[in-house]
Amino acid sequence: MKDKYVVWCKQREQYYGATHDIKDTTHFNSLNKIKKWLLDYHYDVDEEDIAILKKYNAYQIADVFDWEIQKVK
């Protein structure tokens, strides 16, 4: 069975578990999907910063934007 994840927004104090629609209740099934989603979600970041963030892993990107990645049990 593949791991499933959700992300917790510390600022809004709510969970996001969707790959396309943040109101969807499905879970992320990989850290790479979370990484891509976080970069897409924060579309207003400068291109230079995005280039740097793409070198980070999902946990590092989440930390930068004040999110928390949690594995679903």
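The model is predicted. Three strands make up an open antiparallel sheet in the order E2-E1-E3, and helix H1 lies across E1, E2 and E3. The largest nonpolar core comprises 17 residues, and H1 supplies the largest share of this core, four residues.

**Sheet**

- The open sheet is ordered E2-E1-E3, with antiparallel pairing. Because E2 and E3 stand at the edges with a single partner strand each, one side of each is left without a neighbour in the sheet.
- On average, and with direction ignored, neighbouring strands of this sheet are turned by 35 degrees against each other.
- Six bridges join E1 and E3 in the antiparallel sense. Cys9 stands opposite Trp67, a residue of E3.

- Two or more core residues come from each of strand E1 (4–9), helix H1 (31–41), helix H2 (47–53), helix H3 (58–64) and strand E3 (67–72).
- In soluble globular proteins, nonpolar side chains tend to be buried together.
- Beyond its neighbours within four places in sequence, Ile34 is in contact with Tyr5, Val7, Phe28, Ala58 and Ile69.
- Phe28 is placed in the loop between strand E2 (14–16) and H1. Phe28 counts as buried because its relative accessibility is 0%, which falls under the 20% limit.
- Phe28 and Val7 are 21 residues apart along the chain, and their C-alpha atoms are separated by 8.7 Å.

**Helix H1**

- H1 runs at about 150 degrees to E3 and lies across E1, E2 and E3.
- Ile34, Lys35, Trp37, Leu38 and Leu39 are the buried residues of H1.
- These buried residues of H1 pack against the strands E1, E2 and E3 and against the helices H2 and H3.
- An α-helix has 3.6 residues a turn, so residues three or four places apart point the same way.

**Aromatic pairs**

- Eight aromatic pairs are found in a search of the whole structure.
- In the pair of Tyr16 and Trp67, the ring centres are 5.3 Å apart and the planes are at 65 degrees, so the pair is edge-to-face; the cut-off for that class is over 60 degrees.
- Because Tyr16 lies in strand E2 and Trp67 in strand E3, this pair ties together parts that are 51 residues apart in sequence.
- Tyr16 counts as buried at 3% relative accessibility, and Trp67 is buried with a relative accessible area of 3%.
- Ring pairs link Tyr16, Phe28, Trp37, Tyr41 and Trp67 into a cluster.

**Positive phi values**

- Most residues other than glycine have a negative phi.
- Glu13, which is not a glycine, has a positive phi of about 55 degrees. Glu13 is found in the loop between E1 and E2 and counts as exposed because its relative accessibility is 61%, a value over 50%.
- Asp66, also a residue other than glycine, has a positive phi near 65 degrees. Asp66 lies in the loop between H3 and E3 and counts as partly exposed at 30% relative accessibility.

Key:
Residues numbered from 1 in each chain as written. Predicted model: local features only at pLDDT ≥ 70, side-chain atom pairs only at ≥ 80, totals over all residues. Heavy atoms only, no water. Core = buried A, V, L, I, M, F, W, Y, C linked by side-chain atoms within 4.5 Å. Buried < 20%, exposed > 50% of the residue type's maximum accessible area, 1.4 Å probe, protein only. Contact = heavy atoms within 4.5 Å. Pairing = 2+ DSSP bridges. Axes fitted to C-alpha atoms, helices over the stretch in contact; angles between N-to-C directions. Phe/Tyr/Trp six-rings, centres within 6.5 Å; stacked < 30°, edge-to-face > 60°.
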